[in-house]
Amino acid sequence: MYALNLEQLEIGDVKKITPARFGDSRGYFSEVFKDSWFRTSVADVSFVQDNESLSAQPGTVRGLHFQLSPFAQGKLVRCLRGALLDVAVDIRHGSPTYGKWVSAELSPENGSQLWVPAGFAHGFVTLQPDTIISYKVTAPYSAEHDRGVRWNDAEIGIEWPQMDAYVLSEKDNKQPLLSELPEYFQFS
């Protein structure tokens, strides 16, 4: 039996998943992903690629990113080392939660994962040095369809943790504001 905790966040389409761990004196065992359970309990999607990144410095911000159709991505995110605050922003026009955000702290210690469906911008900030994030995606990367929204847009109002400094790529520092985005996704 696949044992886990499925938590509904304030935006119902984004879910926090914490697989159970079965431990003894050697350590623990955990089923971190099971296709049949995920399809029936979370979303009926297929994952086509796994991605991993290392962020050396605490305060590294990656995001807020999304891709357009036909390469719109759902993401199942987890942290393999360090810790991060993972964030999802609803960018589906017509959604009652448009422009709202939810977050979850992910770490190897808590084992939690965040499901971020297509139609959401995704990003994170690292809380510890040498943080490694791993995530499954439902569509491959497409530079042509890659888009983003500014990580610190006041209209969205994400409550990022206070850091000594934030480290961003030039690309992420220049992303448009939410108010500047075309209607890429529609709520249905």
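Is Arg26 buried or exposed? In this predicted model, Arg26 comes out as exposed, with a relative accessibility of 76%. Its salt-bridge partner is Asp24, and the closest N and O atoms of the two sit 2.5 Å apart. Asp24 has a relative accessibility of 42%, so this residue counts as partly exposed.

That pair belongs to a set of nine salt bridges found across the whole structure. Another one joins the side chains of Asp35 and Arg39, at 2.9 Å from N to O. Both residues belong to helix α1 (residues 35-41), and because they are four residues apart there, about one helical turn separates them. Asp35 is partly exposed at 34% relative accessible area, and Arg39 is also partly exposed, at 28%. Then there is Lys136 with Asp50, a salt bridge at 3.2 Å, N to O. This one ties together distant parts of the chain: Lys136 lies in strand β13 (residues 131-137) and Asp50 in strand β5 (residues 49-55), 86 residues apart. Asp13, Asp90 and Arg92, for their part, are linked in a salt-bridge network.

Now for the nonpolar side of things. The largest nonpolar core has 20 residues, and the members touching the most others are Leu64, Val89 and Ile91. Strands β6 (61-67), β8 (84-90) and β12 (120-126) each put at least two residues into this core. Leaving aside residues up to four places away in sequence, Ile91 touches Phe66, Tyr98, Gly119, Phe120, Ala121, Leu178, Leu181 and Phe185. Another core, of 17 residues, lies apart from the largest one, and its members include Leu9, Leu84, Leu106 and Leu114. In soluble globular proteins, nonpolar side chains tend to be buried together.

Technical notes
Residues numbered from 1 in each chain as written. Predicted model: local features only at pLDDT ≥ 70, side-chain atom pairs only at ≥ 80, totals over all residues. Heavy atoms only, no water. Core = buried A, V, L, I, M, F, W, Y, C linked by side-chain atoms within 4.5 Å. Buried < 20%, exposed > 50% of the residue type's maximum accessible area, 1.4 Å probe, protein only. Contact = heavy atoms within 4.5 Å. Salt bridge = Lys/Arg side-chain N within 4 Å of Asp/Glu carboxyl O.
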